[in-house]
Amino acid sequence: MNVTGRLFDKVWDRHVVASPEGEPELLYVDMHLVHEVTSPQAFEGLELAGRKVRRPDLTIATMDHDVPTIGLDQPIADPLAAEQIARLRRNAETHGVTLHALGSIEQGIVHVIGPQLGLTQPGMTLVCGDSHTSTHGAFGALAFGIGTTEVEHVLATQTLRQVKPAAMAVNVEGELPPGCTPKDLALGIIRALGTGGGVGSVIEYRGAAIRALSMEGRMTVCNMSIEGGARAGMIAPDDTTFGYLDGRRYSPRGALWERALDDWRSLVTDEGAEFDYEATVSASALHPVVTWGTNPAQSVSIDDVIPEPATFGSQALRQSAERALTYMNLNPGTAIRDISVDAVFIGSCTNGRLEDLRAAAEVLRGRKVYPGVRALVVPGSARVKAEAEAEGLDKLFSDAGFEWRSAGCSMCLGMNGDILSPGERSASTSNRNFEGRQGPGGRTHLVSPAVAAATAVAGHFAAPGDV
Amino acid sequence: MASAGIQRVSSPAVVVDRHDVDTDQIIPAAWLKRVERTGFSAGLFGAWRADPEFALNHPRAQSARILLAGRNFGCGSSREHAVWALLDHGFQAVVSSRFADIFRGNCVSAGLVPAEVSEETAARLFAALEADPDAAVVVDVAARTVAIPSAGIEEPFSLADYARWRLLEGLDDIALTLRHEDAIAAYEARRPEWLPTVTADSRPGG
């Protein structure tokens with residue numbers, strides 16, 4: 001197999017610090033993103049061992065997972081969250097790590113602020129104690145989530161021990177139909193792969209439909225790589241990437257920009273290179289997608305009905321579907337559009353960027369949220385919030401009946417008190433519909449921002465054309 | 001962080017016969033606010049434990065050191081807290097036909113054995129424990145085998161050499177890596193100039 005010219009290998013190979021006999025390779029980390037939830041034990045371990053942060057200048061911290069999205073002028077009500085946030089402040093101060101704290105225009109979801117600052121660049125390695133670090137692969141970077149012990153390892157050594165994953169190509173052919181978004185594409189790919197189809201692999205997304213995506217759309221697709229089990233997702237950088245990076249705070253300038261560009265243009269998979277695994281997905285065949293189950297691979301088109309578990313190919317899939325339908329309180333044969341919702345959440349590292357908010361706001365223009373539906377919009381960062389306000393999007397959302405919140409992970413994982421009540425059903429632009437993900441007993445359906453907005457107006461699942 | 005090494009685990013097993021068990025189920029997000037590495041036992045499988053029939057509620061679970069679970073165990077969030085919760089409860093090994101990548105790495109980091117068996121072996125183990133739920137299961141890290149002696153089962157599991165060595169010795173990865181300090185410094189000296197470095201700026205509004 002000709003593996004020499006793959007994007008993944010090009011990025012991997014340039015980061016190998018050492019290949020000790022009988023041990024995993026030692027990989028250099030160009031940027032380490034840190035947040036309040038998975039770092040306190042790592043800093044503590046570092047201090048107990050008398051070690052220092054090796055490269056504070058290659059480390060950046062923000063608070064996102066359990067920050068409040070409302071009442072920021074008040075002390076944080078949850079004492080555990082307050083302690084965790086205080087701990088991050090203290091650790092950043094002690095170790096000289098730059099922290100974008102609550103109140104900073106650069107505070108926000110870690111995977112939104114990296115790209116926004118220009119800290120995510122082609123050919124880099126980025127890691128974070130968060131599985132959605134795969135987001136940054138949209139720039140042709142190798143980016144993946146790690147555990148807290150590994151966070152400590154990176155703090156101490158700026159490297160990670162890694163066994164090289166396999167390389168998988170996901171070829172997305174054709175063109176996304178009108179009304180279909182990158183989120184629908186991401187969910188369509190996961191349906192094709194299954195939740196574990198990508199385990200042990202780094203995916204390179206290729207093909208015409210991928211090239212046609214904006215950077216924000218590419219981030220949505222790479223973000224959800226982990227939901228197919230993949231270690232990371234990557235997209236080769238091109239003029240769309242360079243256009244996005246040009247002029248950002250940490251992007252190279254002048255002669256360095258030109259040198260960087262020369263290098264970045266070489267970060268493509270060469271003609272004839274082969275992959276360990278390959279899958280093809282047709283973008284043209286997609287419709288807006290709604291998940292019906294308790295893993296992100298369990299989804300159908302909005303035009304469809306809840307599937308009959310007996311029709312699934314294996315006993316494992318049948319059992320999983322039956323269990324999911326019981327948890328979700330749904331019956332086979334019910335039309336997706338006949339399912340009503342209690343809450344709508346627009347936000348998260350999957351769909352909390354400006355383009356996502358614009359798409360949702362456009363659907364809401366001149367319309368109202370259905371009576372009794374609680375609707376929340378949580379920008380991915382304080383800067384996204386400010387930019388949206390400069391365009392008047394906050395007013396569109398508020399006039400429609402949405403709560404316009406401050407930046408954070410919020411109801412994506414329900415750590416900060418923005419949660420569903422037991423039995424409540426949501427349409428959510430986030431990435432996981434696991435049991436209880438948005439609050440104990442809550443029932444989550446993953447959708448695009450446009451479908452979330454239309455659903456908020458209709459009170460049941462709806463496409464923008466329905467309202 | 002260094003931990004005590006594990007050679008061999010022998011105990012009754014807790015059986016979770018479900019595929020795609022995600023880390024949100026293993027330890028719900030509310031528990032992630034803790035700033036310690038311990039104290040997660042009560043949160044382990046928090047929502048599922050409300051069901052009195054759930055395997056972890058059986059008296060046998062108190063002495064179980066081995067968890068047998070369906071395919072793709074530990075998918076979803078990167079939270080190492082899931083591994084800490086399993087360790088806190090007393091588990092030393094998990095047996096499954098597939099582990100999610102980040103979870104597997106976290107297991108080796110924290111000293112929980114991820115014993116990955118074939119689908120066929122998993123099916124035999126599930127069947128044997130359904131027939132005799134109290135049967136002793138043996139996970140031998142040195143030999144990389146999982147056995148139920150009373151059912152005549154002994155099969156290999158896969159675990160990379162380095163991961164096996166670390167689990168047997170309970171080694172501190174950072175100390176091992178710092179032996180390569182010269183290579184790290186040499187690498188740093190040749191990184192391209194255009195790569196970003198973060199400038200100090202933690203002012204509110206900055």
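# Report on chains A and B

In the parallel sense, β6(A) pairs with strand β7 (residues 142–145) of chain A over 4 bridges. Two strands count as paired if DSSP finds at least two bridges between them. Helices (H or I, at least four residues) and strands (E, at least two) are DSSP runs, numbered from the N terminus. This is a predicted model, in which local features need pLDDT of at least 70, side-chain atom pairs count only at pLDDT 80 or more, and totals for chains, interfaces and linings use all residues. Residues are numbered from 1 along each chain as its sequence is written, while chains are lettered from A and ligands numbered from 1 in the order in which they are written.

**Strands of chain A**

Opposite A:Phe144 in β7(A) stands A:Val127. Strand β6 (residues 125–128) of chain A is covered on both faces, with A:Thr125 and A:Val127 buried on one side and A:Leu126 and A:Cys128 buried on the other. A residue is buried if 20 or more other C-beta atoms lie within 10 Å of its own, exposed if 12 or fewer, and partly exposed in between, with C-beta atoms placed from the backbone. β6(A) also pairs with strand β3 (residues 31–34) of chain A, in the parallel sense over 3 bridges. In that pairing A:Met31 stands opposite A:Leu126.

In a regular strand the side chains alternate between the two faces of the sheet. In strand β8 (residues 159–162) of chain A, A:Thr159 and A:Arg161 point one way and A:Leu160 and A:Gln162 the other, and all are buried. β8(A) pairs with strand β2 (residues 25–28) of chain A in the antiparallel sense over 4 bridges. A:Arg161 in β8(A) has A:Leu26 opposite it.

The pairings are listed below.

| Strands | Sense | Bridges |
|---|---|---|
| β6(A) and β7(A) | parallel | 4 bridges |
| β3(A) and β6(A) | parallel | 3 bridges |
| β2(A) and β8(A) | antiparallel | 4 bridges |

Helix α3 (residues 79–95) of chain A has 17 residues and reaches 24 Å from its first C-alpha to its last, close to the 24 Å expected at 1.5 Å a residue. The expected span is 1.5 Å times one less than the number of residues in the helix. Buried in α3(A) are A:Ala81, A:Gln84, A:Ile85, A:Leu88, A:Asn91 and A:Ala92. Seen down the axis of α3(A), these buried residues fall within an arc of 120 degrees, so they line one face of the helix. The arc is that of the directions from the helix axis to the C-beta atoms. A:Pro79, A:Arg90 and A:Glu93 are exposed on the other side of α3(A). The cover over the buried residues of α3(A) includes α2 (40–48), β4 (59–62) and β5 (98–100) of chain A. After α3(A) comes A:Gly96, whose phi is positive, near 70 degrees.

The loop between β4 and α3 of chain A holds A:Met63. A:Met63 is buried, with 27 other C-beta atoms within 10 Å. Not counting residues up to four places away in sequence, A:Met63 touches A:His35, A:Glu36, A:Ile85, A:Leu88, A:Ala101, A:Leu102 and A:Gln107. Contact means that the C-beta atoms of two residues, placed from the backbone, lie within 7 Å.

**Chain A as a whole**

Chain A has 16 helices and 19 strands. Its radius of gyration is 21 Å, close to the 23 Å that the globule rule gives for 467 residues, so chain A is as compact as a globular protein of that length. The radius is taken over C-alpha atoms, and the globule rule is 2.2 Å times the number of residues to the power 0.38. Of the 467 residues in chain A, 62% are buried. Among contacts in chain A between residues at least 6 apart in sequence, 76% join residues at least 24 apart.

**Chain B and the interface**

Chain B contains 7 helices and 8 strands. Its C-alpha trace spans about 65 × 40 × 25 Å along the principal axes, and 46% of its 206 residues count as buried. In helix α2 (residues 81–89) of chain B, 8 of the 9 residues are buried. Elements covering the buried residues of α2(B) include α1 (23–26), β3 (66–69), β4 (93–96) and α3 (101–110) of chain B. B:Gly90 follows α2(B) and has a positive phi, near 115 degrees.

Between the chains, 76 residues of chain A are in contact with 54 residues of chain B. Helix α5 (residues 148–157) of chain A gives the largest share of the side of chain A that touches chain B, 7 residues.
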